[in-house]
Protein chains: 2
Amino acid sequence: MTTGKQEHTPAPLGRQYALLTDLYELTMAASYFEEGMQEEATFSLFIRKSPPDRGFFVAAGLAEAVSYLTSVSFSEEDLAYLKSTRHFNPAFLDYLKNLRFTGDVWALPEGSLFFKDEPLLEVSGPIIEAQLVESFLINAINLQTMIATKAARSTVAAGPRRLVDFSLRRTQGVDAGLKVARASYLAGFAGTSNVLAGKVYGLPIFGTMAHSYVTSFCSEIEAFRAYARTFPHNTVLLIDTYDTIAGAKKAIIVAQEMAARGEKLRGVRLDSGDMAALSIEVRRLLNEAGLDYVTIFASGGFDEFKIARTLEAGGEIDAYGVGTKMGVAADAPYFDIAYKLVKYGNKPVMKLSTGKVTYVDKKQVFRFFDDTGAMREDVIGLREEGIPKARPLLEPVMVQGRPLLPLPSLSAGRKYFLSELARLPMQYKDLKAPPTYPVRLSPGLQHLQEQTERRVREQELG
Amino acid sequence: MTTGKQEHTPAPLGRQYALLTDLYELTMAASYFEEGMQEEATFSLFIRKSPPDRGFFVAAGLAEAVSYLTSVSFSEEDLAYLKSTRHFNPAFLDYLKNLRFTGDVWALPEGSLFFKDEPLLEVSGPIIEAQLVESFLINAINLQTMIATKAARSTVAAGPRRLVDFSLRRTQGVDAGLKVARASYLAGFAGTSNVLAGKVYGLPIFGTMAHSYVTSFCSEIEAFRAYARTFPHNTVLLIDTYDTIAGAKKAIIVAQEMAARGEKLRGVRLDSGDMAALSIEVRRLLNEAGLDYVTIFASGGFDEFKIARTLEAGGEIDAYGVGTKMGVAADAPYFDIAYKLVKYGNKPVMKLSTGKVTYVDKKQVFRFFDDTGAMREDVIGLREEGIPKARPLLEPVMVQGRPLLPLPSLSAGRKYFLSELARLPMQYKDLKAPPTYPVRLSPGLQHLQEQTERRVREQELG
């Protein structure tokens, strides 16, 4: 394990990724420009449908969003490319040259728990600016929020046992590889196998050997001995290459050889087979040999469900490598997350498309706690509405294009998440079909919502 | 639509991503180094288990793999970080400073069809080099192969109808956003909404307006008119913001206003509701108004299954925006893809871990076609084995660390994929539970496999 430094300030993403947007953001911008539309627009970012089994969500990705918004601008090369597409006229491209984000952003702090329909981010600014940033903001926040939410479920399932992100090889790309390491750490993991993530985010990194290491030696026990020679103080032996129990017996021989030299084998790793049964047997063998200090690490298809099943079956596993299924959120690999216009000028707006509800206007999420400090109920209200005795959750993070105070560090976010998770009543942490956390609308929002819907229906369908 | 330039040579990924690896690749390397192990190792990259409903796979991501292998090296900053972790001794770090990949690579050409257990890439080189690159290679090839495979299924379902990648906002990160645009184009899509992907890969880009555009105007029809003013030659109107049929009627008014000015409305877009029924009704309304030239574009939750259902229900849709479900391969968001040591020195190797088979030694995939040119059967054999009348599929792409001829362009890969897809018998293209394409082992491989397993069993478990 390596404890790294503080999380770096992310690179100026906006300069790199101004073109990382859907073409329609730019064609709409061109039309707003032609039409002289410059009024303030507010967009809400929220999850409009909960995937199965998610009792809560964990907000993540804010640092990336702020880095992008603070720096978004089109380079000469970007503009030359846009010109080459022949979609845009010179006046608009000229306008883009000086475009910067000058709006305001309210957001849930990193690591906050939240629920369906609650905005985790609201952006207000001239409509072109607030519109253009849609694709990047959804992408950045969807990924980290989805992964933090998925990883948090392993944290719930594993209790005090240590979890390590092992997902890099099968995350959907290299950006996801980094973000999964970050988001899973935020959600309570101890660290990652991903070395670059260790460097970039200052995360503890973990890892020892693969099957290829074992098979490259003339025998398993020689591989174990060689590794122990190279890393006398940090050896975890992978024991399932040929047969887990036979491997455990060889690991015990090597552990005893190490002990004779005054060294301690740190652990063994299981990577296939019936994890509960094998871990019980391996624990017994280790203990019988006086090696109760040797920990059992397990990897191979773990997610919150397999962790829970293994624990129920009495598995004696001290730490888990949690890989692919967490790293791609395999049972819910995307959120139905949207960034919707909720106000333009002084007019609250909504669409009526089948089965998709958007709550209008600038909003706030108000949270009620009971006397023990446990979460009780949320109310989605208007930003300026007074809701007594509730904690308002959204905080201003950017004003007129400039970030307010530096965002909390990743470790601070992790602490905040863990403290908030402790305040969430148990039933919402159920891994399967948890009940729906109570979220209602404030009277002010309810009224404005109905009024707006009536107005829109009358005007467009009446 | 914008036809862009040639695909860029990818940036030297290896310099940027030497640390994008699992820590164990480096600890194993340190141990190989200490032990003086420098013999040639061969690793096979293959899919060891087929996800549900995949009758074939599409090989993709080779350009990225080659770019990485050609340039992988540790910077001073990388080495300083590794030193700070206190895992490694100075001699090893010194060795890493000059490390380059000097091995050979054989691979399936981009866009090839392949099946479970068939290597799509084999790397041979000094064991440290061939081991270190594992995490990046799996990551790069898993993502693009998985997406090209998923997208190819939409290509099969849609037949001649045009498909556009709309997934950027919910791909798992920005790297995935770019790679999904690329891989779906390889698999027959017409282009993408992702502007940066258009620039980087020279893809056609598409897009018009979102609901926010419509709701920002005082009425839907005014929004339609404004857009037509800005883009008189390229307007597709999104008609479901309030009610699809009411929207279609307003689009017809605007189309007629455009026609009176000598302009042509290009299309309307549906984004919610019963797509088949709505498209039939909208087509009828358009045709009655003499607007048979206005195309119907549909988006909203499309993947191969929804495209097939919509077509079966008689949907009259000319083009589809295919988004999230393709962009994250929602029904199979990862492949069980592995990179396994198959030979070290002159010794074929394998692991025996429960339920995971690795075929030993350097291999070749041989493909048989019938008299009509249709694919009939594949044989996995030894690299040097002679299999008469079959086409060997793996080609050398790097020798001694240097790429051979430049790889084919993305458009050439797309053409190759489409021609290969035409040679795959229909039944393997079934979207649900296709039969298993026949793949068998050559006598040479079968024999070596059995011999190796016997040897390993006797030695480790005997």
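In which hand does α12(A) pass α13(A)? The crossing of α12(A) with α13(A) is right-handed. A crossing counts as right-handed if the near helix is turned clockwise from the far one by less than a right angle, and as left-handed if anticlockwise. The model is predicted: local features need pLDDT of at least 70, side-chain atom pairs count only at pLDDT 80 or more, and totals for chains, interfaces and linings use all residues. Residues are numbered from 1 along each chain as its sequence is written, while chains are lettered from A and ligands numbered from 1 in the order in which they are written.

Chain A holds 17 helices and 19 strands. These are DSSP runs, numbered from the N terminus (helices: H or I, at least four residues; strands: E, at least two). The C-alpha atoms of chain A fill a box of roughly 80 × 55 × 40 Å along the principal axes. Of the 462 residues in chain A, 58% are buried. A residue is buried with 20 or more other C-beta atoms within 10 Å of its own, exposed with 12 or fewer, and partly exposed in between; C-beta atoms are placed from the backbone. Contacts require C-beta atoms, placed from the backbone, to lie within 7 Å. Among contacts in chain A between residues at least 6 apart in sequence, 74% join residues at least 24 apart.

Two helix pairs were examined. Helix α12 (residues 244–260) of chain A and helix α13 (residues 275–288) of chain A have axes that come within 10 Å and cross at roughly 25°. Axes are lines fitted to C-alpha atoms, for helices over the stretch in contact, and angles run from 0 to 180 degrees between N-to-C directions. α12(A) and α13(A) are therefore roughly parallel. That label covers angles under 35 degrees; over 145 is roughly antiparallel, 65 to 115 roughly perpendicular and the rest oblique. On α12(A), the residues that meet α13(A) include T244(A), I245(A) and A248(A). Their partners on α13(A) include L278(A), E281(A) and V282(A). By class, this contact of α12(A) with α13(A) has seven nonpolar, one polar and two charged residues. Nonpolar covers Ala, Val, Leu, Ile, Met, Phe, Trp, Tyr, Cys and Pro; charged covers Asp, Glu, Lys and Arg; the others, Gly among them, are polar.

In the second pair, helix α7 (residues 134–158) of chain A packs with helix α14 (residues 304–312) of chain A at about 10°, their axes 8 Å apart. α7(A) contributes R153(A), S154(A), V156(A), A157(A) and A158(A), and α14(A) contributes E304(A), I307(A) and A308(A). Five of these residues are nonpolar, one is polar and two are charged.

Chain A can be laid on chain B by a turn of 180° and a shift of 0.0 Å along the axis, with an RMSD of 0.0 Å. The two copies are thus related as by a two-fold rotation axis. Superposition is by least squares on the C-alpha atoms of residues with pLDDT of at least 70 in both copies. In all, 90 residues of chain A are in contact with 90 residues of chain B. Helix α2 (residues 23–34) of chain A supplies the largest share of chain A's side, eight residues. That side has 40 nonpolar, 32 polar and 18 charged residues.

Two loop residues have positive phi without being glycine. D117(A), with phi near 75°, sits in the loop between β4 (113–114) and β5 (121–126) of chain A. D117(A) is buried, with 20 other C-beta atoms within 10 Å. Q400(A), with phi of about 50°, lies between β17 (395–399) and β18 (402–403) of chain A. Q400(A) is exposed, with 9 C-beta neighbours inside 10 Å.

Notes
Two residues are in contact if their C-beta atoms, placed from the backbone, lie within 7 Å.
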